[in-house]
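Visitor: I'd like to learn how to read a model like this one. Could you walk me through it, starting with the ligand contacts?

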Amino acid sequence: MAFRSPLINVMASAATKAARGLKRDFGEVENLQVSKKGPADFVSVADKKAEEVLHAELSRVRPDFGFVMEEGGIIEGSDKSHRWIIDPLDGTTNFLHGLPQFAISIGVERDGEIIAGLIYNPIADEMYWAEKGAGAYCNDRRLRVAARKDLKECVIATGIPFHGRGDHLRFLKELGLVMREVAGVRRFGAASLDLAFVASGRFDGFWETELQSWDIAAGIILVREAGGVVTDQRGAKKVLHAPEIVAGNEIVHEKLRRLIERAGLPPKKPAAKKSAAKAET
Ligand code: 2AM
Ligand code: CA
Ligand code: CA
Ligand code: CA
């Protein structure tokens, strides 16, 4: 049995509780009220219900911590050092289409650094978790990034910029540069799980532009604790608010970063809603 700290146990039990609602609602999509936050940016009652459960559970056990939540925005805590960074449903489009690739993602930030993360896919019943210095796990299995070095053997994940956002031509250039060199490219549509799959060695690498802190907070520490590297496109480690994120083992990460660098600089990221999130990791 892998040792789970009290902090990880708190996150695991909150995610398990919130996941009950998601599992119930998955497949009942026609009954969910769906609205749009922007072009191709859907939010359902399921996102909001899951976030309410996470907020209630986490604030009950750690009443002082602050929150950064995709749907609810920022809530200051009396403890100015710690806050939860939460995506209650990462992969909403998949969820609404009956595609079982979505997750709850919870990160813990302490003084600007991510110190723990948990990503739970309730359909596969895969709970990924990591704590600084303690390693990364899926359920009770220790994770290690893939060891492949030759890009020709690598499967690389990415995300496509959303309708109405991002520079699609630049993305296609990046995609072309990567596709010429690797065994395959995948686009599954839930960034937290893309990072979890890099941590577990299913994917050899991942890159995406314009993600928000709640998409990647937990995934960053998972990949790092599994022995991988996560930076922005220029190689900087402060990546939580970067326009572009690149992940992989040390060698694949650098090869992938250099490849996409040739497509030029990523567009500036649009400011997140109520984003007072100034801390970095
Ligand atoms: P979400 O499902 O929580 O919104 C897929 O590339 C990633 O981008 C997912 O993590 C997804 O998170 C996010 N995403 C999908 N559509 C989006 C949109 N229109 N605006 C911002 N983020 C989006
Ligand atoms: Ca969303
Ligand atoms: Ca998300
Ligand atoms: Ca979400």
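Guide: A backbone N or O atom of A191 sits 3.2 Å from an oxygen atom of ligand 1. For T92, a backbone N or O atom is 2.8 Å from an oxygen of ligand 1. The side chain of E70 has an N or O atom 3.3 Å from a ligand 1 oxygen. Overall, the protein covers 92% of the 480 Å² of accessible area that ligand 1 has on its own (Shrake-Rupley method, 1.4 Å probe).

This is a predicted model, where local features need pLDDT of at least 70, side-chain atom pairs count only at pLDDT 80 or more, and totals for chains, interfaces and linings use all residues. Residues are numbered from 1 along each chain as its sequence is written, chains are lettered from A and ligands numbered from 1 in the order written, and side-chain values use heavy atoms, with hydrogens and water left out.

Visitor: Which residues are the closest to ligand 1?

Guide: A residue counts as near if one of its heavy atoms lies within 4 Å. Ligand 1 is surrounded by 17 residues, the closest being D90, G91, T92, F162 and E208.

Visitor: Is D90 buried or exposed?

Guide: Buried means under 20% relative accessible area, exposed over 50%, and partly exposed in between (1.4 Å probe, protein chains only). D90 is buried, at 6%. D90 belongs to strand β5, residues 82-90 (strands are DSSP runs of E, at least two residues, numbered from the N terminus). UniProt lists D90 under "binding site" in an unreviewed entry; such annotations may be inferred rather than shown by experiment.

Visitor: What coordinates the calcium ion (ligand 4)?

Guide: Donors are N, O and S atoms within 2.8 Å of the metal, or 3.2 Å for Na, K and Ca; water is not among the atoms, so sites may look incomplete. Here E70 (OE), D87 (OD) and L89 (O) coordinate the calcium ion (ligand 4) at 2.1 to 2.3 Å. E70 lies in the loop between β3 (66-69) and β4 (73-75) and L89 in strand β5, so the pair ties together parts 19 residues apart in sequence. E70 also bridges to the calcium ion (ligand 2), with the two ions 3.6 Å apart.

Visitor: Which backbone angle is worth a look at D111?

Guide: Most residues other than glycine have a negative phi. D111 has a positive phi of about 45° although it is not a glycine. D111 is exposed, at 59% relative accessible area.

Key: Helices (H or I, at least four residues) and strands (E, at least two) are DSSP runs, numbered from the N terminus. A polar contact is a pair of N or O atoms within 3.5 Å; within protein, one must be able to donate a hydrogen and the other to accept it, and residues adjacent in sequence count only if both atoms are side-chain atoms.
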